[in-house]
Amino acid sequence: MFFKDIVGQDSAVQKLRDAIDNNRLPHALMITGPEGTCGLALAWAAAQYILCQHKHDGEACGVCPECIQASKLGHPDLHWVYPLINKGGSGKDASTSEDFLPEWREAISQNPYINLSQWIKAQGSDENKQAHIFVSEAGNIIKTLSTKPYESDYRILILWLPEKLNEDAANKLLKIIEEPYEKTYFLLVSHNPDQIIGTIQSRVQRLQLAPIDYLGNFVQPGIQIPDEEDRLYFFEKFCSMMRLSYARKLYDMKKWSEEMSGLGRERQKSFLQYAQNLIRENYVMNLHQPELNYMKPDEEAFSSRFSRFVNAKNVEGIMHELEVAETDVTQNVSSKMIFFDLSLKLIMLLKAGSQT
Ligand SMILES: [Zn+2]
């Protein structure tokens with residue numbers, strides 16, 4: 001998640017970015033805003049920015065291992081806590097957020113604006129059920145944060161909906177929120193801060209989000225998921241783009257560009273976003289952590305052979321060219337030129353990636 005994906009919250013983004021850049025981020029910060037605001041996405045973007053090893057121009061790089069892991073919710077020093085349905089009965093042996101990480105990953109990757117009833121449903125439960133953060137979770141948080149960070153200089157815990165902390169859990173967390181371990185950040189995201197137990201409220205600093213402008217151009221950030229028909233088409237075009245550029249088939253590349261220029265600008269943009277996503281997936285595939293990959297079987301089959309051409313030597317370059325093409329598409333540059341130019345750039349980039 002990137003700051004640039006956070007729409008309509010420029011002031012909050014700027015405050016967070018400045019605080020991180022100047023080493024002034026409070027150890028416990030609560031982002032508040034009504035349901036539907038992007039607090040969770042903003043906390044996620046801030047965490048990725050903190051962890052990124054190559055941030056530049058106020059943004060995470062998106063391609064270093066820290067960024068990849070953070071964006072896939074697989075970073076060992078980025079912890080997530082969220083309300084759960086109490087399946088275990090007594091608080092003592094109730095499940096903790098860790099047990100629901102796969103569901104959480106999927107739910108917020110698809111919709112970083114998720115609300116509580118959507119999340120309850122994603123847990124496979126009746127959405128009228130109540131969800132809480134239980135005392136067993138608080139115990140787990142203390143245990144997790146008392147060990148050393150795995151890979152990073154910092155450790156971050158994003159706690160979604162502190163208003164759902166039950167009293168025992170809140171009391172257990174007071175001390176660690178007030179005096180956290182070194183280099184540890186708590187990012188709390190609340191929709192109803194007034195419902196939070198007072199002793200927690202008084203221990204956190206607040207960052208208030210602007211109300212959503214429903215009349216403005218309000219778009220959801222993050223991953224745009226094409227429908228299956230478009231996805232199949234984009235996938236086929238992605239494969240042919242890579243094959244043709246790799247084999248330097250200029251004549252066929254030109255024909256391919258002509259076909260792409262026949263799509264509307266919106267679909268061209270969607271294709272280029274889809275291509276960026278698939279490049280990221282291929283790069284991640286080289287980390288050999290299958291739980292971080294989200295691909296359909298056809299994409300996975302292609303990537304099992306293609307991923308070795310996407311690596312540290314060229315991934316930034318490829319992503320950059322796809323982004324440039326996406327910007328050009330929105331600026332009325334001849335789209336035949338955009339796509340042909342892109343495929344030419346890919347020749348060199350794929351060559352760079354295939355050299356050992
Ligand atoms: Zn990075």
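The protein chain is divided into domain 1 (3-208) and domain 2 (228-354), with bounds that come from an automatic or database domain assignment. The model is predicted, so that local features need pLDDT of at least 70 and side-chain atom pairs count only at pLDDT 80 or more, while totals for chains, interfaces and linings use all residues. Residues are numbered from 1 along each chain as its sequence is written, and side-chain values use heavy atoms, with hydrogens and water left out.

Taken over C-alpha atoms, the centres of domain 1 and domain 2 lie 33 Å apart. Six residues of domain 1 and 11 residues of domain 2 take part in the contact (heavy atoms within 4.5 Å). About 960 Å² is buried between domain 1 and domain 2, 66% of it on carbon and sulfur atoms; buried area is the accessible area (1.4 Å probe) that two parts lose on being put together, summed over both. Of the area that domain 1 buries against domain 2, 58% is supplied by Val63, Ile68 and Lys72, more than by any other three residues.

One salt bridge is found across the interface of domain 1 and domain 2, the criterion being a side-chain nitrogen of Lys or Arg within 4 Å of a carboxyl oxygen of Asp or Glu. The side chains of Lys72 and Glu281 form a salt bridge with an N to O distance of 2.5 Å.

A zinc ion is coordinated by the SG atoms of Cys52, Cys61, Cys64 and Cys67 at 2.3 to 2.4 Å (donors are N, O and S atoms within 2.8 Å of the metal, or 3.2 Å for Na, K and Ca; water is not among the atoms, so sites may look incomplete). The donor residues follow the spacing C-x8-C-x2-C-x2-C in sequence. Because the four donor atoms subtend angles of 103 to 118 degrees around the zinc ion, the arrangement is tetrahedral (four donors with all angles between 85 and 135 degrees).

Key. Four donors count as tetrahedral if all angles lie between 85 and 135 degrees; four count as square planar and six as octahedral if opposite donors are over 155 degrees apart and all others between 65 and 115; anything else is irregular.
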